[in-house]
Amino acid sequence: MQNKERGGGWLQPGWALAGFVALGLAVGAVDGVVTAASVGRWYTTLRHPPGTPPDAVFGPVWTILYVVMGAAAWRVWRVAGWRAVRLWFWQMAVNAAWSPVFFGWHAPRSALVVLAALCVLVAATARRFASADRVAGGLMLPYLAWCLYALYLNAGIVWLN
C-alpha cells in the first residue's frame, strides 16, 4: 500500500524525479534569462574578488547542481513524503530570488542578504535530508559548498564596489 502523502498511485516515482529535476532546471532557466540581460553590461563593470571564475562556468555548474538537488529531493520524498521536502521548496524559492535581486535590480548588498538566507536554508535542508536519507543529505553538500562560494563572491563584489 502506497503512502497517500506521496501521492498514492497518481504520482509515480519516475515522474516525481522528473518533476523535482524540472523544477530546479526551470528556476535555473528563468534566472539565466535575468542574468543574461546584465552579465554583458553591468556585471562586467564591477570589480570582482580573487577566485572569480569565468562567466562560462556558472551555467554548467548550476545545471549540474539543479539536477543533483532534484535527485536529492526525490530520494527524500520517496522515503519520507512531502513534508520532508518542505525546506527544499523554500530554499528553491530563495534560490530563485537571488538572480533577480543581484542582476535584475543591480543590488549586490540586498542579494548578499538573500544569499546568506539561502546558505542557512540549504544547510538546514541538507541536515533534514541526511536524517531521512544519508545519500540525499550528501547530494546537497556540493550545492551548499557552491552557495558558500557564491556568498564569498557576492560579499567580495559588495566590498570592492
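How much space lies in the largest pocket? About 630 Å³. Keep in mind that this is a predicted model, where local features need pLDDT of at least 70 and side-chain atom pairs count only at pLDDT 80 or more, while totals for chains, interfaces and linings use all residues. Residues are numbered from 1 along each chain as its sequence is written, and side-chain values use heavy atoms, with hydrogens and water left out.

**The largest pocket**

- A pocket here is an open set of points on a 1 Å grid over the protein atoms alone, with protein on both sides within 12 Å along at least five of seven lines; its volume is the space filled by probe spheres (1.4 Å probe) set on the points.
- The lining, meaning residues with an atom within 4 Å of a point, runs to 28 residues, and T35, F58, W62, W98 and F103 lie nearest the centre.
- Two or more lining residues come from each of helix 1 (13-39), helix 2 (55-80), helix 3 (86-104), helix 4 (108-132) and helix 6 (141-160); helices are DSSP runs (H or I, at least four residues), numbered from the N terminus.
- Helix 1 gives the largest share of that lining, with eight residues.
- By type, the lining has 17 nonpolar residues (Ala, Val, Leu, Ile, Met, Phe, Trp, Tyr, Cys and Pro), two charged (Asp, Glu, Lys and Arg) and nine polar (the others, Gly among them).

**The salt bridge**

- The structure holds one salt bridge, a term for a side-chain nitrogen of Lys or Arg within 4 Å of a carboxyl oxygen of Asp or Glu.
- D133 and R75 are the partners, at 3.0 Å from N to O.
- This pair links distant parts of the chain, 58 residues apart: D133 sits in the loop between helix 4 and helix 5 (134-139), and R75 in helix 2.

**Helix 6**

**A96**

- A96 lies in helix 3 and is partly exposed at 25%.
- Beyond its neighbours within four places in sequence, A96 is in contact (heavy atoms within 4.5 Å) with V27 and D31.

Key: Buried means under 20% relative accessible area, exposed over 50%, partly exposed in between (1.4 Å probe, protein chains only).
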